[in-house]
Amino acid sequence: MPFNRHTTFISLILATLLLWGCPSNKQPKPFLSSDLTSVARFEFSGISVIQVQQARLHMQVDFLFGNLDRNGQGAEQILMKGLAQAGTSQKSPHEFARSLENAGGRLEALVAADFSGLRLKCMPEDLKNCFQLIGDLLLNPKLNPRYTIELLEEWDQSKSTAKMDPTFWADSLQGLLWLEASTATVDPSPSADDRIPTFTQLEEMLTGPLLSRCNMALVVSGPLDVESIGDLIVGSLDMLPEGDCPPQSPKSLKTGVVEVLHKPEGDGAICATWLAPSSNLPDAFVADAIAKMLEIKLQDLLVKKLKLAHACRFQYIPKPAPHLRLDMMGPQMSQAAELAASELRKAKNLEMSATSLDSAKRWLGLVYQQELESSSNWATTVAKAHFHENWNMYGNPTERLKALLPSHVPYVLQKHCTGVSWVFVGDTTKLDKKSLLRL
Amino acid sequence: MAAKPFWSWLFLCCVTWAQAQQIETRMLQNGMTVAYVQDTTRRMTHFGLTIRGGAALNPPGESGIAHLFEHHFWSSIDTLARQSSGLFTEQGVLASANTQTEHHGFFLTSSEDDADEALGMMYASLATCLYRPLQPIIFAELIAEIQAAENFPAYYLQTGMMNRMWQTSESAKDRIGKFYHIRQIDIDKLQAAIQPYLHPGNCLLSATGRKESESFFLWADSSFGSWYPVSAGAGLPSMKLPKLQKSEYWVEENAFCDDPILVMAWPVAGSRDLEGLGKLAHDFACVARTKSSAFYRDLVEAGRAKSIWWEWEGGYNPGQLVLKVSPFPDSIQACLSTISKTIEETTRYPSTWVTKKGWEAAAKQFRLAQSTAWDHSSIRLDLIGERWAAGDPEWSNTSVDGFSTTDKLAQFAKSHLFQQPHVAGLLIHPRSAAIASQQFTETTAIAGLASTTPEEPKDKNPATMTNGALGEFEKSLSPMRILFVGTTLEPDGASMTTLKTVASLCLAHPDQKLYVNGYSDGVGDGVKNYRLSIDRAQAVQTILVNNYGIKPERLIINPFGEAFAEFPDNTAANRHKNRRVTFTFAPAEAQPRTFLF
């Protein structure tokens, strides 16, 4: 075919269309996808970026620290809340808040048990300006003394009233179940008031490794491409120190232990743990579903019907070591413990009917759907998956739930969920320790 | 880069898609309205049932029926368990409900697979809740909720504000219910109260999900189309515009209230505001609460208050513009003074109270809030139900109105805000109540809060003027101005002559009490100016008492600070004229005040 102006022109048009229609080869391949959305991961300037393709925009900068901090002070939690109200070396807290507002952004602190984050919301056209401001905040933070000291006072008060508060007991108890003291949480002793962090300690933490790139994940939920995300990072987050984040040392749970504190009157608390499948195994999904189902069942039985407990929580926790954890607080912990053990025994011995499993699966499906409803829910869910390294849990949960059979429950419980340990605070005179360890 | 146009295009598509979501509506043969929003981005289906009625269901003199109906509605569902966020059922459905002043909202969320059952459950609950016995657990939950509400001071105060502002029956005002009323309710009483409202023409069924709209409408018709009520809709709630209560100001102690909460409200429009006043009030609140507004600058940045928040409360309740301030305990007085001054600034100097950036920020935040709210399917249905229940003819229109211009907002402020708040209250911990109560009472004058506060003298309505010799006295007082030498407290020569005239008039009418109104110029700190206006009024009072023998209890000090300036503060001569004392008649019951600073 002769090479003339027409063919050149047509070739150019075709090439343009091809380039127009194809994403850049820099665009990472989604590693989780469905007909509704997709999730991709890549690294930019040493920062882990997780990108969720959604219509609406949501940004979240997360850091791998939460209230399971090293010395149980809860300092990191307070630091993160304080950061959202902080100023910078150039701007007072008021000036910073005004600048962010003028740029169309809204900033909140997100503090979970295992990671903390700063949540930025803004309209797409305001993103660049807002991001510059967040970069400035993380690079040159200056805590607002008035607000931070109020937070510390609140924390202090919560610790002193915790002598009466069973929730505090329950959170405290789990520390006793880990072999390494470094993961322990708050000392349950009421005299642990000296563990309140000071303002100076918090200020010092700003320059430590917590706010470094290696300890950070940027979650972008919305219609942005790699190049645009890179543009945002350059000159803002990439200015943060790279940091030196050593790999987390594996932690071990104590097994086969019943720790008992006798407390004849008033509310008591229980924390129980079982070893559980690693989040990389397909069985982890089943363990998570079992925990959620048992939580609802125990809430109904112990809290609602029998009123033995005020609250009940049952979770699958993949980090620092995969385990199932049951927390209960309330007036009748001996009976509650016996009944909880009995329910678990039933689940372990194939006593869950297909009908009850079916109904549990149906609302569990809704729970998973709700976790992914809005852009912000998506961002929080993927941040959690990233830090827990358990992406396995988030691939097509609805389909996997449908495939769950009654026989899977005892199989997973018998195969993986062993080595139960209990920490018990309450009236021990009525407690049969052996029955608790029979699980 | 080649990738950019593609992704930009994708982004535009997404934005366009997000904006293109429309509410489609139908009316079933039985008169029930149905609304649907197709949303293909999630695998859940949400249903909403809005019933006009709300607290209006409460019989005269009683409360709690409406709230009990809300709790009773889902009682036909056998629960597997309850969670704090709502009610999960064995059918894989999450249920929630709310009671407003004039409507109820019932909501169900399910996965797509369970949507059929969810819709059936909605109808079954509606049909059976009338006849199912009231279970003790429902009463227990209700009472627990009432107790919990009292533990949230801000919520408690806000509910109180609504009750104090709008004139509806005692029971209809109380959305939560009172213990002693609730205990007397049985199933017959509940049925009698709610039956007239359970009419298809009084209900809106709404939904959002991935289904095509037409298939949803067929679905709705097969579920609700055969519903014909026991009564034919007689006794549907009369949707009259609410009337205002008498103006009220109060101080209340609350042990859960660690920091003082000061709330004041201005009425704007009823819940069926069809003139767009609510939108203006909403936009005004968005601007007034930005960090670029004079309110934030003078209250928070100036260290007088921890936080401020302007809010438009309307749509599902009679509409009011509310200002909530969390003052530092030792700054309540200063906050009141500042609020007064700043409100005046919004109306008299509309171009200075918020910067252009502040207005732009408010417009951005408004768009962000709308986008965020619409992102949650259940909130979406609640918003649709509210607008429908309020009788808004545009309820199914999702197009976003533009943000009001600064001129419009200034006009709004002038017509609706330049008056004392209709209700105002201070909630405070008992430990600081005594001093705060005193502060609040004594400073109501400067914020224009107290009903006994005299209006600004020159605005006085001639119809209220006294006749006869006393009337002449009052008329002659009106133009009198006492001015001072420089910034001192010493009246100038001409003013000393004026004082002599005032004294002679007072001696001629020995039973008439007078307000001695003190004013300052607008230079410097508002609180200091308020103090100066007290000092000026006291200096004049001292002269009248010491030089002319007027009894001090006849002369009531009434300071205004820098409010009501007669001249712009732009020249020294004008500022001199603004530093003044004037006289107005005080009622016989007016008592001398004690000033705390």
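Analyst: A salt bridge here is a side-chain nitrogen of Lys or Arg within 4 Å of a carboxyl oxygen of Asp or Glu. The model is predicted, so local features need pLDDT of at least 70 and side-chain atom pairs count only at pLDDT 80 or more, while totals for chains, interfaces and linings use all residues. Residues are numbered from 1 along each chain as its sequence is written, chains are lettered from A and ligands numbered from 1 in the order in which they are written, and side-chain values use heavy atoms, with hydrogens and water left out.

One such pair is B:Asp298 and B:Arg297, whose closest N and O atoms are 2.8 Å apart. B:Asp298 is buried, at 10% relative accessibility, whereas B:Arg297 is partly exposed, at 36%. Buried means under 20% relative accessible area, exposed means over 50%, and partly exposed lies in between (1.4 Å probe, protein chains only). In chain A, salt bridges that share partners link A:Lys297, A:Glu343 and A:Lys346 into one network.

Another salt bridge joins the side chains of B:Asp283 and B:Lys279, at 2.7 Å from N to O. Both residues belong to helix H10 (residues 277-288) of chain B, and because they are 4 residues apart there, about one helical turn separates them. Helices (H or I, at least four residues) and strands (E, at least two) are DSSP runs, numbered from the N terminus. B:Asp283 is buried, with a relative accessible area of 0%, and B:Lys279 is partly exposed at 23%.

A further pair is B:Arg26 and B:Glu214, whose side chains form a salt bridge of 2.2 Å, N to O.

For context, the structure holds 20 salt bridges over all chains. Among contacts in chain B (heavy atoms within 4.5 Å) between residues at least 6 apart in sequence, 80% join residues at least 24 apart.
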